[in-house]
Amino acid sequence: MKRLTLTIVILVALILCPAFVHAQSQPNVLKQDLDGDGRIETITLDGEKEPALSVRHGTKLLWQSVHASWKPWKLMVADVDGDGANEIIVGVYKATRYFPKPHNCLFIYGWDGRRGFPKWLGSTLSKPFMDFTFADLNRDGHKELIALEKGRDGKQSVAVYSWNGFGFTLDWQRGAWASARLMTNEAREVFVEADGEHISLSKE
């Protein structure tokens with residue numbers, strides 16, 4: 001009975017506190033040439049440090065940002081706007097001005113060669129989202145934002161967005177699944193594992 005009670009308590013906690021699902025268990029480290037100058041930057045996201053995000057050349061610290069209290073849970077580097085320079089993308093879990101309850105947000109930082117700067121600090125997408133990635137689905141040289149979202153009915157869906165110069169425009173969405181997750185195969189193609197099926201996104 002005690003074991004059953006403990007299991008129920010844990011399940012309730014996970015439902016009421018979705019931040020636990022995205023809790024960062026260890027530092028995420030990426031090595032990328034952010035601005036195309038031939039030098040590799042080391043980008044580190046460590047939710048146990050303040051600030052949580054840092055960029056270095058070797059051991060030299062260039063820039064820091066993102067409060068640990070924002071509960072950062074994912075780090076990516078991608079050319080969001082197709083200009084040839086990479087941006088730093090961070091998933092955080094925090095309250096915002098217009099959405100006072102903590103929720104997943106997408107923060108994008110540009111890089112000027114010496115330091116980062118806020119490019120787009122999105123408090124929400126078209127729906128609350130659970131995960132995200134970037135990929136060139138239609139192979140036009142521009143990476144799209146792919147988000148796993150949840151509707152008011154609890155059903156999960158995937159939405160694909162394109163950068164419009166000021167933010168993201170919804171291109172298409174599909175799905176009404178009980179459970180789903182974004183996956184990447186060995187060829188770096190993104191697909192969705194939803195209700196037991198593998199659904200490719202590359203040919204939409």
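**Aromatic pairs**

Mentor: Ring pairs join Trp 73, Trp 120, Phe 129, Phe 132, Phe 134, Trp 163 and Phe 168 into a cluster. Bear in mind that this is a predicted model, where local features need pLDDT of at least 70, side-chain atom pairs count only at pLDDT 80 or more, and totals for chains, interfaces and linings use all residues. Residues are numbered from 1 along each chain as its sequence is written, and side-chain values use heavy atoms, with hydrogens and water left out.

Trainee: What describes a pair of aromatic rings?
Mentor: The distance of the centres and the angle of the planes. Rings of Phe, Tyr and Trp (its six-membered ring) pair if their centres lie within 6.5 Å; planes under 30 degrees apart count as stacked, over 60 as edge-to-face and the rest as tilted.

Trainee: How many aromatic pairs does a search of the whole structure find?
Mentor: It finds 10. Take Trp 63 and Trp 111: centres 6.3 Å apart and planes at 65 degrees, so they are edge-to-face.

Trainee: Are Trp 63 and Trp 111 buried or exposed?
Mentor: Both are buried (under 20% relative accessible area; exposed is over 50%, partly exposed in between, with a 1.4 Å probe and protein chains only).

Trainee: And what about Trp 120 and Phe 168?
Mentor: Their ring centres are 5.0 Å apart with planes at 80 degrees, so that pair is edge-to-face. Trp 120 is buried at a relative accessible area of 16%, and Phe 168 is buried at 15%.
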